[in-house]
Amino acid sequence: MLDDPGALAAVDPHGARAALAGFPAQCRAAAAIEPPLLPSMKRPRVVVIAGMGGSASAGDLVAACSAERVEIPMFVHRGYGLPSVAWDEALVLAVSYSGNSAEIISAADTARARRLPFVAVTAGGALASLTEQRGLPCVRVPQGLMPRMALGYLFFPLARILRALDVDVVSGEEIQEALAVVEQLGAELAPERPLEVNEAKRLAVAIGSRWPAVYGGPVTGAVAYRWKTDFEENAKVFGLAGALPEMNHNTIEAWRTPLARDLHLVLLRDEREEPEIARRFTLLRDLAGPAAGGVSECRARGRSTLARLLSLTCLGQWASLYLAALRGVDPWSVPTLDEVKRRLREG
Ligand code: PA5
């Protein structure tokens with residue numbers, strides 16, 4: 001059914017396919033967004049990126065790109081308030097696509113109480129209103145997407161804000177490479193490309209009725225978590241995620257239980273991974289593979305960290321959409337998540 005446009009349209013009435021197909025253009029547009037002027041701000045001592053769910057994953061991407069090149073500590077804060085590291089000379093970046101996540105409004109209030117430099121990235125909502133009222137810098141991005149499908153609009157402005165403060169998360173050249181890789185993948189993974197030559201469709205079919213268990217390495221581990229959340233929100237299936245080498249010290253033990261048959265092991269490989277990590281992937285495959293219901297290996301594309309992480313992210317987004325289609329569920333709507341938010345608002 002994945003090659004049947006009518007069948008795909010029937011399970012995707014809100015157009016998640018179009019949102020993903022538009023991801024390369026979204027990234028290109030987002031990379032061109034000028035950051036707001038930050039006149040009184042100086043280079044921070046520490047950066048705290050406050051976000052939840054799909055918005056937080058833009059922070060994870062910033063942190064992953066920074067890990068090997070920026071000496072300033074970066075924290076992705078998923079929760080109310082702010083961590084205690086957010087004090088003197090800390091910069092708070094609040095990212096919420098809807099602008100209505102209660103946790104991020106709380107983070108903004110805490111930043112204000114602590115008099116911390118603050119910049120928001122949002123498509124509107126309470127966060128945009130709050131920045132207007134308080135005269136705070138804010139990058140307004142286009143509305144109309146689900147937050148997890150707006151990763152480009154959330155990541156690139158964060159990177160530009162940081163660069164404006166002399167924190168070089170990603171170079172212009174690396175951005176250009178990443179945009180080219182994302183464009184190439186957009187063509188390769190789109191619904192028009194048939195199953196035999198479409199890696200995302202093949203992966204969804206391989207996972208089938210099992211649960212995906214996704215593992216990355218030290219760099220791609222952040223994307224493994226993003227895959228898990230995309231499978232959960234888009235396909236409405238449980239997902240597991242972890243990273244090597246850490247999972248060798250705990251989760252590996254659970255792979256010998258009969259439940260492993262119900263899992264599909266997905267390995268996010270990266271040609272830049274260290275030989276020690278490559279060896280651990282081989283071991284993981286040898287030890288857990290025979291117990292799993294199936295195994296797939298996916299390879300990052302590109303040279304820079306950004307290209308490699310975004311390429312894997314694109315693959316996971318499309319695979320989760322196709323898995324949703326195979327399971328007959330709407331990849332766009334998140335009714336239970338919406339209900340949690342509604343009930344919390346009602347008090
Ligand atoms: O992708 C989604 O829909 C969710 O994971 C949201 O990102 C999450 O609920 C937080 O909402 P927002 O990104 O609007 O702050």
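Reader: Which domains each give at least three residues to the lining of the largest cavity?
Author: This is a predicted model, where local features need pLDDT of at least 70, side-chain atom pairs count only at pLDDT 80 or more, and totals for chains, interfaces and linings use all residues. Residues are numbered from 1 along each chain as its sequence is written, and side-chain values use heavy atoms, with hydrogens and water left out. A cavity is a set of points, on a 1 Å grid over the protein atoms alone, where a 1.4 Å probe fits but cannot get out, and its lining residues have an atom within 4 Å of a point. Domain bounds come from an automatic or database assignment, and the two domains are domain 1 (33-170) and domain 2 (193-327).

Reader: What is the volume of the largest cavity?
Author: The whole structure holds four cavities of 30 Å³ or more. A volume is the space filled by probe spheres set on the grid points, which are joined across faces, edges and corners. For the largest cavity it is about 90 Å³.

Reader: Which element supplies the largest share of the lining of the largest cavity?
Author: Residues lining the largest cavity include Ser-57, Asp-60, Arg-226 and Thr-313. Helix 4, helix 10 and helix 12 each give two or more residues; helices (H or I, at least four residues) and strands (E, at least two) are DSSP runs, numbered from the N terminus. The largest share is four residues, and they come from helix 4.

Reader: Which element gives the most to the lining of the largest pocket?
Author: A pocket is an open set of points with protein on both sides within 12 Å along at least five of seven lines. The largest pocket holds about 910 Å³ of space. Its lining has 31 residues, and those closest to its centre include Ser-101, Val-334 and Lys-341. The top contributor gives eight residues, and that is helix 13.

Reader: How many charged residues are in the lining of the largest pocket?
Author: Asp, Glu, Lys and Arg count as charged; Ala, Val, Leu, Ile, Met, Phe, Trp, Tyr, Cys and Pro as nonpolar; the others, Gly among them, as polar. This lining has 14 nonpolar and nine polar residues. The charged count is eight.

Reader: Where does the second largest pocket lie, and why?
Author: The second largest pocket has a volume of about 400 Å³. Among the residues nearest its centre are Glu-68, Asp-270 and Arg-308. Helix 4 and helix 12 (305-327) each give two or more lining residues. Both domains give residues to the lining, so this pocket lies between domain 1 (33-170) and domain 2 (193-327).

Reader: How many residues of strand 6 are buried?
Author: Strand 6 covers residues 211-216. Buried means under 20% relative accessible area, exposed over 50%, and partly exposed in between (1.4 Å probe, protein chains only). Strand 6 is mostly covered, and of its six residues the buried number is five.

Reader: Which residue of strand 7 stands opposite Tyr-215?
Author: Two strands pair if DSSP finds at least two bridges between them. Strand 6 runs parallel to strand 8 (residues 263-269), with five bridges, and Tyr-215 has Leu-267 as its bridge partner there. Strand 6 also pairs in the parallel sense with strand 7 (residues 240-243), over four bridges. In strand 7, the residue opposite Tyr-215 is Gly-242.
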